[in-house]
Amino acid sequence: MSALASIRISDNQIEIVNQLLLPHTTEWLKIDTIDQAHNAIKTMKIRGAPAIGSLAGLTFAQHIARALTADPTPDFLSSPEALKGHVTPLLDHLFTARPTAVNLGAATRLLARTLQAGIDAGKDTRAIGADLVAAGKSVAEEDVGRNKAMGRLGGEWLSEFAKKAGGSGEGLNVLTVCNTGSLATSGYGTALGLITYLHETGKLGRAYYTQTAPYHQGSRLTALELKTLQIPSTMIVDTMVGSLFQHFPIHGVAVGADRIARNGDTANKIGTYNSAVLAARHGIPFIVVAPITTVDLDIESGASIPIEHRPPIEACIVRGALYPPSRDAQGNKEQAAVMITPEGLDGIYNPSFDVTPAELITAIVTEKGVAVKGIDGKFDLSPIV
Ligand code: MRU
């Protein structure tokens with residue numbers, strides 16, 4: 001079975017799969033403008049740290065590429081200063097779509113740096129424009145190869161860990177949170193890549209995944225990916241992690257990351273911290289799997305990671321695609337939302353991410369290697385970034 005995709009480009013047209021409608025409806029949305037990309041990211045039509053960085057880079061590249069071939073030439077290409085005046089607010093706008101995943105800021109900062117470098121080097125506007133197109137595309141050239149590398153490194157590490165604990169290193173049961181598969185990346189996935197690798201090498205017993213309320217990335221997206229890949233799996237409700245650990249042999253928890261601080265503190269989907277606390281209580285290794293680009297060496301600890309709070313209403317509804325799919329009066333496919341609270345609650349706490357302290361993390365895996373804590377109890381991430 002082929003894996004799912006979040007972004008596709010055909011005839012120079014960017015399209016994203018509307019992840020709000022999955023799993024029952026596959027709707028491809030055209031992305032033509034920076035504002036459409038901003039909106040798609042903010043409203044979670046596309047999500048997952050690498051995927052949102054990729055969409056930002058590609059849309060920006062598309063915007064500049066179209067301007068370079070437009071007739072008449074847009075005014076903002078009249079001088080490098082005019083280009084800067086045009087581009088800077090667009091990058092600022094894209095950056096504000098979601099704050100926690102480092103990838104979005106990294107993409108907009110790369111583009112701003114590329115622009116300034118071109119100006120400082122005295123390049124003409126068209127040359128700077130070409131540099132911007134290349135830089136925007138490069139953000140999305142995140143290759144499947146790096147995800148496969150971290151899946152293999154993390155999978156082998158977990159298998160060895162299980163052997164040292166007296167097991168066979170096979171039949172491994174692994175819990176994951178949220179969705180970190182091909183819908184969140186360019187393919188194969190990060191934590192879900194580790195699970196896929198174990199499955200491909202005959203070392204997986206079963207994958208377990210939380211529903212991941214309130215957006216249900218687990219029950220809608222991870223469920224779909226695991227089903228598509230025919231990986232044996234069991235869904236649990238978020239509140240069942242403790243019960244799972246009490247009643248089933250779970251050999252590891254593998255999660256992705258939106259941002260990893262220099263000390264190893266990791267921001268990831270809300271609920272990740274809960275599973276880390278419970279994993280520590282049960283002596284289960286807790287593994288963070290993420291590309292090097294998710295490590296933010298500018299941030300010393302998780303205390304400096306900005307945490308996105310989603311609109312309160314999103315915690316008051318259960319969302320999902322209508323089944324069977326239906327259309328509204330304008331012919332748009334609809335998303336079902338069922339209110340599960342009384343109207344007008346005034347106290348709703350709805351952070352989209354939490355920070356798992358490095359203390360609770362057993363290993364951090366990137367495409368370059370696996371970091372574990374030293375005898376001082378601290379991570380040294382330098383060998384894996
Ligand atoms: O709010 P989301 O769905 O964008 O959150 C996604 C996550 O938290 C993922 O675990 C993370 O981005 C890593 S995706 C490889």
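Predicted model: local features only at pLDDT ≥ 70, side-chain atom pairs only at ≥ 80, totals over all residues.
## Confidence

The protein comes out with an average pLDDT of 94, and 96% of its residues score at least 70.

## Around the ligand

The ligand has 17 residues around it, and the ones that come nearest are R47, A49, A184, G256 and K269. By type, the shell splits into eight polar, six nonpolar and three charged residues. Two elements, helix α2 (49-69) and strand β9 (266-269), each put at least two residues into that shell.

## The nonpolar cores

The largest nonpolar core holds 55 residues, and I195, A254, I287, V288, V289, I364 and V365 make the most contacts inside it. Helix α7 (residues 191-200) gives this core its largest share, six residues. Apart from it there's another core of 41 residues, with A61, L90, A135 and A184 among them.

V289 is worth a look on screen. Skipping neighbours within four places in sequence, V289 is in contact with M150, G154, T190, A191, G193, L194, A254, G256 and V365.

## Helix α8

Helix α8 covers residues 217-228, so its 12 residues should span 16 Å at 1.5 Å a residue; the end C-alpha atoms sit 15 Å apart, which agrees. Its buried residues are Q217, G218, S219, R220, L221, T222, E225 and L226. After α8 comes Q230, with a positive phi near 55°.

How values were computed. Residues numbered from 1 in each chain as written. pLDDT = per-residue confidence, 0-100. Near = placed C-beta within 6 Å. Helix = DSSP H or I, 4+ residues; strand = E, 2+ residues; numbered from the N terminus. Nonpolar A, V, L, I, M, F, W, Y, C, P; charged D, E, K, R; others polar. Core = buried A, V, L, I, M, F, W, Y, C linked by C-beta atoms within 7 Å. Buried ≥ 20, exposed ≤ 12 C-beta atoms within 10 Å, placed from the backbone. Contact = placed C-beta atoms within 7 Å. Expected span 1.5 Å × (residues − 1).
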